[in-house]
Structures are given as C-alpha cells and as structure tokens.
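Biologist: Hi! Could you walk me through this one when you have a minute?
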Amino acid sequence: MNMEQKEMKFESSMERLEQIVRALESGDRGLEESLKLYEEGITLVRSCNEALEQAEQSVKLLRLQPDGSVTLEDFQNGGMGS
C-alpha cells in the first residue's frame with residue numbers, strides 16, 4: 001500500500017469513527033447495535049493509532065548546523081528534548 005492509499009484509509013477510518021461517535025451519542029441505538037458500533041470504533045482507533053505511529057517513525061527533522069549546512073535526522077533520534 002503506498003502512502004496515498006494509507007492516507008486515504010486513515011481519513012476514511014477517521015470519518016467512520018466520527019459517524020460511530022455521533023451514532024452512539026444520539027442514544028437512539030439499541031444495546032446490541034451500540035455494542036457492535038463500539039467494537040468497530042475500538043478497531044478503528046487501534047488501526048488509526050498504528051498508522052500514526054508508522055507516520056511518526058518516518059518523520060524527519062531538518063537541522064541547521066553551525067557551519068550553515070543542513071542535516072536530515074530521524075525525529076525520534078533528534079526530536080524533542082535533545
């Protein structure tokens with residue numbers, strides 16, 4: 001799956017998750033249907049979290065060096081607090 005397909009899958013998962021939240025908040029679903037929606041929502045949240053973790057791993061930082069050159073570093077290695 002290429003990056004564009006992953007992004008579309010993430011976006012469609014988030015849209016579906018929003019639909020589920022609205023449906024559950026409306027309170028007009030029966031218990032059985034609400035439980036099914038909740039389970040689907042949990043699966044979508046996990047999927048979205050995995051996608052975000054993968055995206056985070058691919059984020060790079062550009063750093064300006066004292067000599068004026070620019071280096072590219074992994075976010076985790078050169079990220080916050082270093």
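Modeller: Happy to, and keep in mind that this is a predicted model. Let's start with L72: not counting residues up to four places away in sequence, L72 touches K60, L61 and L62.

Biologist: Which element does L72 lie in?

Modeller: L72 is part of strand 2, which covers residues 70–74.

Biologist: And how far apart are L72 and L61, in sequence and in space?

Modeller: In sequence, 11 residues separate L72 from L61, and their C-alpha atoms are 5.6 Å apart in space.

Biologist: Is L72 buried or exposed?

Modeller: L72 has a relative accessible area of 58%, so it counts as exposed, the cut-off being over 50%.

Biologist: OK, new topic. Which residues make up the largest nonpolar core?

Modeller: That core has 5 residues, namely L17, I20, A23, L37 and L44. Two or more of its residues come from each of helix 1 (3–26) and helix 2 (31–58).

Biologist: Which helix gives the most to it?

Modeller: Helix 1 does, with 3 residues.

Biologist: What about S13, buried or exposed?

Modeller: S13 lies in helix 1. Its relative accessible area is 6%, and because buried means under 20%, S13 is buried.

Definitions and conventions
Residues are numbered from 1 along each chain as its sequence is written. This is a predicted model: local features need pLDDT of at least 70, side-chain atom pairs count only at pLDDT 80 or more; totals for chains, interfaces and linings use all residues. Side-chain values use heavy atoms; hydrogens and water are left out. A nonpolar core is a set of buried Ala, Val, Leu, Ile, Met, Phe, Trp, Tyr and Cys residues joined through side-chain atoms within 4.5 Å. Buried means under 20% relative accessible area, exposed over 50%, partly exposed in between (1.4 Å probe, protein chains only). Helices (H or I, at least four residues) and strands (E, at least two) are DSSP runs, numbered from the N terminus. Contact means heavy atoms within 4.5 Å.
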